[in-house]
Amino acid sequence: MDLNTLYRAVIMDNYKNPKNKGLVGSDKYHFVHLNNPSCGDDMNVEILIEDGKIKEVHHDGHGCSICCSSASVMSETLKGMDVDKAKELIYEFYELVMGKAPEHEEELGEAIAYMGVKDFPARIKCATLSWKAIEKAISEVEENGR
Ligand code: ZN
């Protein structure tokens with residue numbers, strides 16, 4: 001199996017069996033909604049941060065396979081992580097989909113599968129939508145304390 005086949009399998013698996021999908025909607029969570037009109041992707045995320053750590057990440061939305069699978073991978077990658085580390089990896093993911101080799105390949109985990117997106121510039125926004133949403137959620141929590 002070549003690398004592209006493996007990456008495609010990761011994307012399809014997360015699309016068909018998304019992890020951390022479904023919102024709790026409790027006050028404890030901070031909620032952000034973003035959309036990507038160019039593709040019709042619509043993404044909701046919620047995050048629970050405690051003691052500088054991301055305790056929970058949930059997502060819900062609809063759109064293309066790149067967008068929906070990426071939300072699942074994002075939630076698995078960032079859950080349990082220190083907020084500062086998460087911000088670093090979010091930034092690395094943006095670089096990754098633009099074609100830059102990541103520094104923390106191990107910590108990015110399945111997110112590496114989106115490396116091939118660089119060859120399809122129109123899909124970069126699909127891949128990053130949930131990551132942008134969670135980045136916004138983190139910065140809003142840091143500003144407002146939830
Ligand atoms: Zn899309």
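Contact is taken here as heavy atoms within 4.5 Å. The structure is a predicted model, in which local features need pLDDT of at least 70 and side-chain atom pairs count only at pLDDT 80 or more, while totals for chains, interfaces and linings use all residues. Residues are numbered from 1 along each chain as its sequence is written, and side-chain values use heavy atoms, with hydrogens and water left out.

Not counting residues up to four places away in sequence, glycine 63 touches Tyr15, Gly40, Asp41 and Cys68. Glycine 63 sits in the loop between strand 3 and helix 2 (DSSP runs numbered from the N terminus; helices are H or I of at least four residues, strands E of at least two). Its relative accessibility is 31%, so glycine 63 counts as partly exposed (buried is under 20% relative accessible area, exposed over 50%, partly exposed in between; 1.4 Å probe, protein chains only).

The zinc ion has as protein donors Cys39 (SG), Asp41 (OD), Asp41 (OD), Cys64 (SG) and Cys126 (SG), at 2.1 to 2.7 Å (donors are N, O and S atoms within 2.8 Å of the metal, or 3.2 Å for Na, K and Ca; water is not among the atoms, so sites may look incomplete). Aspartate 41 belongs to strand 2 and cysteine 126 to helix 5, so the pair ties together parts 85 residues apart in sequence. Both aspartate 41 and cysteine 126 are buried.

The largest nonpolar core holds 41 residues (buried Ala, Val, Leu, Ile, Met, Phe, Trp, Tyr and Cys joined through side-chain atoms within 4.5 Å). Ile134 is among the members that touch the most others. Helix 5 provides the largest share of this core, ten residues.
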